[in-house]
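Student: Please take a close look at one part of this model, the nonpolar core and the helix contacts around it. I would like the cut-offs stated along the way.

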Amino acid sequence: MEFTPYYFLTPSTPEAITRIRKTLKLTQAQFGSLLGSHAVTVNRWEKGKLKPTPYQIALIQKFEVACKVCEYDIANIIVGNGVIPALF
């Protein structure tokens, strides 16, 4: 598995946001909850109508790095440990 340093990643493009969310196996609602946004907002990011804030981009970058570094299912950790329900 090839590792790209986080500072070379560009998670603010609609395609990258969609790819990262799907790699995490999260719904738009779950992904939005992690980032402090609504599912509709995530949908607009993925369609290129809106852009995440710099803080949200930094979080998305960290999730992408975690996806590349970890060999286990990050979604199970996030959802299974109650991180997302705790955000509601």
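Tutor: The largest nonpolar core has twelve residues: Ile 17, Ile 20, Leu 24, Leu 26, Phe 31, Leu 34, Leu 35, Val 42, Trp 45, Ile 60, Phe 63 and Cys 67. Two or more residues of this core come from each of α1, α2, α3 and α4 (54-69). A nonpolar core here is a set of buried Ala, Val, Leu, Ile, Met, Phe, Trp, Tyr and Cys residues joined through side-chain atoms within 4.5 Å. Buried means under 20% relative accessible area, exposed over 50%, and partly exposed in between, with a 1.4 Å probe and protein chains only. Helices (H or I, at least four residues) and strands (E, at least two) are DSSP runs numbered from the N terminus.

The model is predicted: local features need pLDDT of at least 70 and side-chain atom pairs count only at pLDDT 80 or more, while totals for chains, interfaces and linings use all residues. Residues are numbered from 1 along each chain as its sequence is written, and side-chain values use heavy atoms, with hydrogens and water left out.

Helix α2 spans residues 28-35, and its buried residues are Phe 31, Gly 32, Ser 33, Leu 34 and Leu 35. Beyond residues up to four places away in sequence, Leu 35 touches Trp 45, Gln 56, Leu 59, Ile 60 and Phe 63, where contact means heavy atoms within 4.5 Å.

The axes of α2 and α3 come within 8 Å and cross at roughly 100°. Axes are lines fitted to C-alpha atoms, for helices over the stretch in contact, and angles run from 0 to 180 degrees between N-to-C directions. α2 is therefore roughly perpendicular to α3; angles under 35 degrees count as roughly parallel, over 145 as roughly antiparallel, 65 to 115 as roughly perpendicular and the rest as oblique.

Helix α1 (residues 14-23) and helix α3 (residues 39-46) have axes that come within 7 Å and cross at roughly 130°, so they are oblique to each other. Pro 14, Ile 17, Thr 18 and Arg 21 of α1 meet Val 42, Trp 45 and Glu 46 of α3.

Arg 21, in α1, counts as buried because its relative accessibility is 10%. A polar contact of 2.5 Å joins the side chains of Arg 21 and Glu 46. Such a contact is a pair of N or O atoms within 3.5 Å; within protein, one must be able to donate a hydrogen and the other to accept it, and residues adjacent in sequence count only if both atoms are side-chain atoms.
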